[in-house]
Amino acid sequence: MSDKSHDPNQMTGAAMIVRALIDHGVTDIFGYPGGAVLPIYDEIFQQSEVQHILVRHEQGAGHAAEGYARSTGKPGVALVTSGPGATNMVTPLTDALMDSIPLVCISGQVPTHLIGNDAFQECDTVGITRPCTKHNWLVRDVNDLAKVLHEAFYVATSGRPGPVLVDVPKDVQFATGTYHPPRKSDVHRSYAPRVKGDATQIRKAVALLANAKRPVIYSGGGVINSGPEATRLLRELVEVTGFPITSTLMGLGAYPASGKNWLGMLGMHGTYEANMTMHDCDVMLCVGARFDDRITGRVDAFSPGSKKIHIDIDPSSINKNIRVDVPIIGDCGNILGDILQVFKAEAKKPDIKAWWQQIAQWRARNSLYYRKSNDVILPQHAIQSLFEATRGKDTYITTEVGQHQMWAAQFFGFEEPHRWMTSGGLGTMGYGLPAAVGVQVAHPDSLVIDIAGDASVQMTMQEMSTAVQYELPIKIFILNNQYMGMVRQWQQLLHGNRLSHSYSEALPDFVKLAEAYGGVGIQVHKPGDLDGAIQEMISVKRPVLFDCRVAALENCFPMIPSGKAHNEMLLPEQANDEATAKAFAGGKALV
Amino acid sequence: MNQPASAYFIEERHDPNETHTLSVLVQNEPGVLARVIGLFSGRGYNIESLTVSETESQKHLSRITIVTTGTPMVIEQIKHQLDRMIPVYRVVDMTLTRRSIERELAMVKVRGQGEHRVEALRLADAFRARVIDATTESFVFEITGNTDKINQYIDLMRPLGLVEVSRTGVAAIGRGPEGM
Ligand SMILES: Cc1ncc(C[n+]2csc(CCOP(=O)(O)OP(=O)(O)O)c2C)c(N)n1
Ligand SMILES: [Mg+2]
């Protein structure tokens, strides 16, 4: 054997980590240093291929990596130290797991001989993150490190994407071992996600679609995760079949909001036409969505008369909440391609004129109606103005969680996938600002806006400092209603209007706060000043905190009250006190 | 149905529970059992019995046998959730194959004198339990069989001076020439 000191694959564990990042095409990572990762930081210092973005809190690193991943389709990478660094990652890891976002987190760990001794900054990172990752690893031998890192990237990005974590003790980072570039055998033989759909099931699906009288396509984040081909095929399927299409919060943008078959989002705050179409349809094609409880409403009354086709890469999504008739397991791009091929060869566009007429009547209810005002900015109006002002621009939107998030989903039209980053499954307040940082790092010249709430934005506000440091001109558009609006809405509707701790007391002066960070602050109160202020925000090439003072007590409608079915939506014009009381009637038991 | 005020749809499901035995072939690596158990506790599934041991040391394969109860939809979920774990090779529902043999081993300590001792030995003989330890006032029996048989044997030992029981939990294997 040759002299090991000349073997270029001999290197320290820390060097292997940087080398593996480069081999996987990673150009940007988000992280925060600490004792247990200093050898890695030392390697980062001595190279220039991987840019490290220093966040202000590890949660920010995780969400930034999520934003980066969702806006690019590439995995996001975060680097954190042991103990508190790792525990601060729990929220973003869980968030990424719920929303199927490919994330690779590398965490430092105390040296192997100290593991289990309650050493300084020790925690059981793999134990803590086991339920919030797709898979995780503790690497005890430097010679396993390359294999584990390559496998980590593969697991994060293949099948149903998700977060993974590799925990690397400090002595393993220092130790020298043999690196190898990625290769097939790096992956568990037990892990082989299914890509191709079953041909018989595909034929059954086409037969249902071809004979449908009242069809609907219900698509989700899986279509976007599958990649551009899935989006293209979904659009083609809508074109070829002429079917109406709705989507989950996560799936917005796969079909363009300006498309003529678009029904708007479905679910708890979805449009009347989307939910009624779902309820009354005879054939439902669910692509890359998972029938979660914000979508279905009461499950025993969910779309009672329909045959359901469900395309999903994760078999555990099938029949979890809703029994389906034709499950097809595999990659939705692949399966949509097969369905289209069979459909085009063997079926004709079904005549569903009567169904479209019915849908037109539901549309005419104008379920997103709101009363405009000359005195006070309505939050819906603010989103619409923002949308108009950014039309035709290269725009990416992130959000926090609350009413503003739902209004953004309802009133901001997305024409393309990867443009809409929101915390859907976990509903993480504080997601949007760091996610915007991640998106802006990936798309330095694009317009990146976090549509925020006054409460949420304070959860990760410190990442403004990151934005200023790296000259990331993110725009934080705060719909400031001085409330945790969504909490207040539930309290009004369900808890006798007892507004327990949902008022945003002692709000900071956001303009001064922006300036304190070295960013730009803009505040607007009057509807007449809104458009000009938005223009100003867009033209500033620096991070902006935009304090948009909106009507404090506006609520988000339409809405499916709890325990109700899709056809029992509460519409805005009905949402007077009496109707609301009736819709939410059912006792005072507080659960 | 009166729905309490809640952000969630609160529904009770009334499907009857079933008991299933699952065989799970896994890569024997650190934490794999924690993953499986964590899945059950995290998602609120039941574990009635769980056994695990390496079965092919060359390939680092372990076989986990889990007896679980749940509605048919939950059982289906459990299988899918297990199957999608990275180190899991295969999940077989032994109950659905209807061709599986299930065995458990128990060690049963009985303390007594005189007629009770004689009776314990007689029953042990009838159940094909072996004496693996004896003193003048006690026996430890080893018994193998399906869960029902072992339960029955333990019930019979109770009035004869049952002290304690140690059970392995269920191991299962399919009949016929094929492997899982
Ligand atoms: C980390 C976290 N804590 C608590 C909640 C519960 N929650 C959901 S919405 C909301 C209020 C959000 O208020 P704000 O950001 O002002 O948005 P608004 O609803 O007013 O638009 C809260 C507290 C959450 N989603 N995430
Ligand atoms: Mg608010």
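Predicted model: local features only at pLDDT ≥ 70, side-chain atom pairs only at ≥ 80, totals over all residues.
Residues are numbered from 1 along each chain as its sequence is written, chains are lettered from A and ligands numbered from 1 in the order in which they are written, and side-chain values use heavy atoms, with hydrogens and water left out.

The magnesium ion, ligand 2, is coordinated by A:D454 through OD, by A:N481 through OD1 and by A:Y483 through its O atom, at 2.0 to 2.2 Å. Along the chain, the donors of this magnesium ion follow the spacing D-x26-N-x1-Y. Helices here are DSSP runs of H or I with at least four residues, strands are runs of E with at least two, and both are numbered from the N terminus. Both A:D454 and A:Y483 are buried, where buried means under 20% relative accessible area, exposed means over 50%, and partly exposed lies in between, with a 1.4 Å probe and protein chains only.

In chain A, 6 strands form an open sheet in the order β16-β15-β17-β18-β20-β19, with parallel pairing; two strands pair if DSSP finds at least two bridges between them. At the edges stand β16 (420–421) and β19 (520–524) of chain A, each with a single partner strand, so one side of each is left without a neighbour in the sheet. Strand β17, residues 447–453 of chain A, runs parallel to β18, residues 475–480 of chain A, and 5 bridges join them.

How many of the residues of β18(A) are buried? The count is 6 of the 6, so this strand is largely enclosed by the rest of the structure. From β18(A), A:K475, A:F477 and A:L479 point one way and A:I476, A:I478 and A:N480 the other way, and all are buried.

Helix α21, residues 510–517 of chain A, lies across β18, β19 and β20 of chain A and runs at about 170° to β19(A); the axes are lines fitted to C-alpha atoms, for helices over the stretch in contact, and angles run from 0 to 180 degrees between N-to-C directions. In helix α22, residues 527–539 of chain A, the buried residues are A:P527, A:L530, A:A533, A:I534, A:M537 and A:I538. Seen down the axis of α22(A), these buried residues fall within an arc of 135°, so they line one face of the helix, the arc being that of the directions from the helix axis to the C-beta atoms. They pack against α16, β17, β18, β19 and β20 of chain A, with contact meaning heavy atoms within 4.5 Å.

Elsewhere in chain A, strand β9, residues 215–219, has 5 of its 5 residues buried, so it is largely enclosed by the rest of the structure. It pairs in the parallel sense with β12(A), residues 283–287, over 5 bridges, and A:P215 stands opposite A:V283 there. β9(A) also pairs in the parallel sense with β10(A), residues 245–247, over 3 bridges, where A:I217 stands opposite A:I245.

I will close with some backbone details. The peptide bond from A:F557 to A:P558 is cis, with omega near -5°, and A:P558 has its place in the loop between β20 and α23 of chain A. Phi of A:S303 is near 35°, a positive value in a residue other than glycine, and A:S303 is buried, with a relative accessible area of 0%. A:N497, in the loop between α20 and α21 of chain A, has a phi near 60°, again positive in a residue other than glycine, but A:N497 counts as partly exposed, at 44% relative accessibility.

Conventions: Donors = N, O, S within 2.8 Å, 3.2 Å for Na, K, Ca; no water.
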